[in-house]
Amino acid sequence: MTNDMTHTADKTSTETPETTTGRRIYRPLTDIVETADGMTLMLEMPGVTAEDVDITLEKRVLTIRGKVHTTQPEKLQLAYAEYGEGDFERAFTMSDDFDPDKIGAQLSNGVLTLTLPRAAEAQPKKITVKAS
Amino acid sequence: MLYPTYTRRSDPFALMRSMLRDFDRVSPSRLAQPVFPAVNVWQSDEAVAITAELPGVDPADIDISVKENVLTLSGERKAPEVPEGARWHRNERGFGRFARSVRLPFVAADDKVEARMTNGVLRIVVGRPEEDKPRKIEIKAA
């Protein structure tokens with residue numbers, strides 16, 4: 001290790017609103033992919049267990065919260081820190097054609113994968129043009 | 001820094017460009033590439049622990065090696081598998097190979113290194129060899 005400042009990968013904390021405990025809340029880095037049958041969101045939430053993830057879809061706003069269990073090893077003191085620990089929170093405004101009951105969520109290795117299938121009536125209908 | 005205004009009078013943006021170039025060079029984000037993974041180091045008289053956030057990395061894809069007093073952590077972050085014809089809206093996560101080395105305050109024995117991965121957080125604990133532990137020295141009365 002050197003004493004130089006190390007620039008680590010993006011882990012940005014949300015500045016407002018503040019928490020009552022003074023702990024930071026981080027914005028999970030997210031990949032969003034649109035497929036033929038819906039949307040897939042992949043959020044990086046290291047340190048979050050499946051029971052501590054809270055996903056809500058209300059008035060088109062999809063909110064994802066994750067509670068982090070801090071990883072302080074027993075009897076050890078923090079000597080050098082490059083990343084902070086704190087809960088994760090992020091919200092997305094969706095287009096309104098998703099069925100909240102069909103949202104699938106899976107957590108593996110600290111990545112939360114959300115699948116939002118498009119509502120059946122909103123599936124794009126392909127119109128073929130007939131040659132006259 | 002001096003910006004000669006008389007050179008290239010035909011190009012009004014030359015001065016602006018050269019200033020921007022200087023600014024880019026000085027701003028800290030350009031000096032170093034971001035490092036992955038970020039590590040936290042924990043210490044006590046008995047052991048040293050290194051924690052790192054590695055979301056989306058399969059524990060099988062991580063290599064941890066210790067040579068004398070340098071611990072190296074390397075591996076690969078694989079890009080997610082996406083069906084054909086999918087459209088990316090956002091791509092904030094990074095992928096590819098990574099490697100980091102951490103110098104330990106003592107020479108570690110291989111059998112005293114323990115690594116565990118939970119929910120994308122890696123924790124490596126390196127025990128301090130017995131002969132390296134600090135000893136309390138008693139002061140004898142004269």
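**Salt bridges and the interface**

Modeller: A network of salt bridges links A:Asp31, A:Glu44, B:Arg77 and B:Arg93; a salt bridge here is a side-chain nitrogen of Lys or Arg within 4 Å of a carboxyl oxygen of Asp or Glu. This is a predicted model, where local features need pLDDT of at least 70 and side-chain atom pairs count only at pLDDT 80 or more, while totals for chains, interfaces and linings use all residues. Residues are numbered from 1 along each chain as its sequence is written, chains are lettered from A and ligands numbered from 1 in the order in which they are written, and side-chain values use heavy atoms, with hydrogens and water left out.

Biologist: How far apart are the N and O atoms of A:Asp31 and B:Arg93?
Modeller: The closest N and O atoms of that salt bridge are 3.9 Å apart. The pair crosses between chains, from strand S2 of chain A to the loop between S5 and S6 of chain B; strands are DSSP runs (E, at least two residues) numbered from the N terminus.

Biologist: And is A:Asp31 buried or exposed?
Modeller: A:Asp31 is buried, at 0% relative accessible area, and B:Arg93 is buried too, at 9%. Buried means under 20% relative accessible area, exposed over 50%, and partly exposed in between (1.4 Å probe, protein chains only).

Biologist: What does B:Arg93 do with A:Glu44?
Modeller: Their side chains form a salt bridge, 3.0 Å from N to O.

Biologist: How much area do chain B and chain A bury between them?
Modeller: About 3700 Å², with 57% of it on carbon and sulfur atoms. That is the accessible area (1.4 Å probe) the two parts lose on being put together, summed over both. In contact terms (heavy atoms within 4.5 Å), 45 residues of chain B meet 41 residues of chain A.

Biologist: Switching to chain A, what is its secondary structure?
Modeller: Chain A has zero helices and nine strands. Of its 132 residues, 37% count as buried.

Biologist: Which residue does A:Glu89 bridge to?
Modeller: A:Arg65, with the closest N and O atoms 3.6 Å apart. A:Glu89 lies in strand S7 and A:Arg65 in strand S5, so the pair ties together parts 24 residues apart in sequence.

Key. Helices (H or I, at least four residues) and strands (E, at least two) are DSSP runs, numbered from the N terminus.
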